[in-house]
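Good morning, everyone, and thank you for making time for this. Please have a look at the structure on the screen, and then I will walk you through a few places in it.

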Amino acid sequence: MGVRVTTGRTLLAAVMGFGVALSAQAAEYPAIGKLPQLKINNAKAELGKRLFFDKRLSGDAAVSCATCHVPDKGYASKEAISPGYPGNGHFRNASSLINVAHKKVWNWDGRIGTNLNDMTREMLTEDYTMNMDMRIMQERMKQDPVYVQMFKDAGYGEPSNGSVRKAIPEYMKTLTSANSPFDKGKMSTSAKNGMKLFKGKAGCIQCHNGPLLTDQKAHNTGVPENFDVFLDPMNHQAFIAFTMFQGIPNYMNLKRDPGYFNITLLDEDMGKFVTPSLRELKYSAPYMHNGMIKTLADVVNFYNQGGGKDSNKSDLLKPLKLSGKEKKDLVAFLEALSGNKLTSDKHVWKQPYPAEYEAIANWTEVPN
Amino acid sequence: MRMKKLTLTLVAAAVAALFAGCQATAAKQESATAPAKMSATKMAMKTAGPAPLAPLGKAPIPPDNKLTPEKVELGKLLFFDPRVGGDASTGCSTCHEPEQGWAWAEDFSRGYPGTVHWRNSQSIINSAYFPRQFWAGSASSNEKQAKSAAKGGVAGNGEDDIMEARLALIPEYRKRFKEVFGTEWPIIDDVWHAISAFERTMNTTGEHEVPLDKYLKGDKSALNEEQVRGMALFNGKAGCINCHNGELTTDLDFHNIGVPPNKRWEEDGLAQITFRFEQYAKGQTEKGYRAAKSDWGFYYRSKNKWDKGKFRTAPLRYIAYTAPYMHNGVFYTLEEVVDFYNRGGVDEEGRTTLFPKNKSPLIKPLGLTDQDKEDLVAFLEAFSGPEIMMEKPEQPPYAPLFNMAELKAAQEAK
């Protein structure tokens, strides 16, 4: 729904294209390590938390961010293809939001490279996610005394759609990895072996590097299409609306997710997706942009075969010839990157929302 | 400082002068907002008096959207299909319910789920005749009206791309759009064309002709004595003809007749939300947004303060089925409407428009007797004939566009 800025597309493409070339050649990769601490404004994050779980932020007040980004599922959804706004489906897996504030590029295809404010705007306004006219959203917030107080406490003054798009990102900053065996230095022997493979024989480090375990660049790994995107008209309609809006040529006949191609419109970028973070994966199955791989063991098998089938597939992927034990070790390492679930009050708004909007008393007397 | 004050006083004087003669004011505003042709008609009216009521002719058909039976049939399907909207729950017929006069029988129309509308739902019957649609006349054709209805946040809340995508996945629509418009895939603008074509057939003509029109065409038995007396009042003592005139029973002009704000805005949180949203949606300034406590009507378009609280003179045919009345549905019966006019644009509790200065000088206490009032109501009933009913068509089903073999082949070809 937002206006696409062509210069943004070109710029992002240039930055990312350059990076891909670099990482293919470089021998040293950014070290896997702890994530830096983020500074958080508690009042803003608390407000963001209430907003994140509030269905009144969608057009027909039926879905919240948490409908698709489920705390118990690592802030992703358990379905391969995300649920959609009522009357619609979706065409991609709902990304996990844990550590999302550490990223520089968002969405599986990397189409947002600015900030989480823009990301939040997209989620709120897109037809098949929340379909919200933000002017109505703003007026809804003003009608809830709890919000009026919370916006004030957060230093935002009167509720506004602009501050909604600031408060939710502040909340998302609180969704960070905590206590993983890797971060605590308490990995099992198997996991330690797995880490060696990860950096060595299995070559995962070529793309999954740095504290987030992602180069945040786009690659084609040959993940097969999820046919449910096309066989279920609810999903397909969302896909058509998306590709139509993105200006993908011949979108009505498209039978695959174009991925990063959507940003550059270059054939060589067809089917590329941005390397996801590998932290906190324990809870966010199924995996990949379309949920086509069910378990971490299956993911390792997928890479062991050299990825999937695609003429555009990255040269970095080759059959790995891992033994049964090596595969187990690799999975153990991936699991050691997950800590505790973020499902307590600290991260989840558990108080009920009012069932109705309270009327503003002496409405005729007070200014709107 | 002094200069500024001086100009202000001058402006105030000019505005006061404008209010002095309503006819002149109306003509002035017209010339500011409408083509010259319109003001010429106005000038003629001024000297010759209002155009007498006349029977409803054929609905005008714009040259760029010819009527064909196939197009009308397609438009009917779309009118009744809630998938023309955001969450596939709220289509045109949801708020223009055939059994509720092709409108919605509450003061404010129901809204998109999670919202309530802020105006009364108008009937679509005879809408084809009005070059100014909506209560404040903001749409100039059925086509433009349909588009804004389907997209508005408290109405259809649909986006072009998703609605177009949905229709493409419904084989029946693909077939029909191709037949009617010759395109391979349904195009959203053609949705508005087809719906408008359907609406242009939804008129009080032919078998649905209203008694008044029969009478005007010479069938003197179409009105009873009471109604004939009511007609005389309408054209005379009650002065209704000043605005409700001509073939369309409306001068299509904008007047403030004194309708008070709906009290629901004082009591209903959901309605308060929409009220404020509409101020922004209609392009209010921050100042106006803070201050507004009633629907400013035509002002939102003209931005002239003398237009606050003005609405398009409502057409009167088919109103027997479309209660409640007025832009905000404050009156539930025609008796209440007549009492309101008889008090000079004031309701039972003495409430009136928040902009009394803008009130039309044509609206003043009428001194009608009880008998007069009954006669007038009886005459208002003659503006409605048989109820227009229609069986709702079945929604054509979705079907996948590609089959498994095609998808597998594409996967192999990657």
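Predicted model: local features only at pLDDT ≥ 70, side-chain atom pairs only at ≥ 80, totals over all residues.

Let me begin with Ala61(A), which lies in the loop between α2 and α3 (65–68) of chain A, where helices (H or I, at least four residues) and strands (E, at least two) are DSSP runs, numbered from the N terminus. Residues are numbered from 1 along each chain as its sequence is written, chains are lettered from A and ligands numbered from 1 in the order in which they are written, and side-chain values use heavy atoms, with hydrogens and water left out.

Back to Ala61(A): this residue has a positive phi of about 60° although it is not a glycine.

Now to the helix packing. Helix α2 (residues 42–52) and helix α6 (residues 145–153) of chain A pack at an angle of about 150°, with their axes 8 Å apart; axes are lines fitted to C-alpha atoms, for helices over the stretch in contact, and angles run from 0 to 180 degrees between N-to-C directions. How do α2(A) and α6(A) run relative to each other? They are therefore roughly antiparallel, since angles under 35 degrees count as roughly parallel, over 145 as roughly antiparallel, 65 to 115 as roughly perpendicular and the rest as oblique. On the α2(A) side the residues that meet α6(A) include Leu47(A) and Leu51(A), and on the α6(A) side Met150(A) and Phe151(A) are among them, contact meaning heavy atoms within 4.5 Å.

In chain B, the axes of helix α7 (residues 160–168) and helix α9 (residues 188–199) come within 9 Å and cross at roughly 75°, and that makes α7(B) roughly perpendicular to α9(B). The contact is made by Asp160(B), Met163(B), Glu164(B) and Leu167(B) of α7(B) together with Ile188(B), Val191(B) and Trp192(B) of α9(B).

Next comes helix α11 (residues 233–246) of chain A. Of the 14 residues of α11(A), 12 are buried, so this helix is largely enclosed by the rest of the structure; Phe239(A), Ile240(A) and Phe242(A) are among the buried ones.

Leu213(A), in the loop between α9 (189–199) and β1 (218–219) of chain A, is buried too, with a relative accessible area of 0%. Leaving aside residues up to four places away in sequence, Leu213(A) touches, among others, Ile32(A), Phe198(A) and Leu337(A). The C-alpha atoms of Leu213(A) and His102(A) are separated by 11 Å, although the two residues are 111 residues apart along the chain.

Finally, the peptide bonds. A cis peptide bond joins Ala285(A) to Pro286(A), with omega about -5°, and Pro286(A) is placed in the loop between β2 (273–274) and α13 (296–304) of chain A. In chain B, a cis peptide bond joins Ala323(B) and Pro324(B), where omega is about -5°, and Pro324(B) lies in the loop between β2 (311–312) and α16 (334–342).

Methods
Buried < 20%, exposed > 50% of the residue type's maximum accessible area, 1.4 Å probe, protein only.
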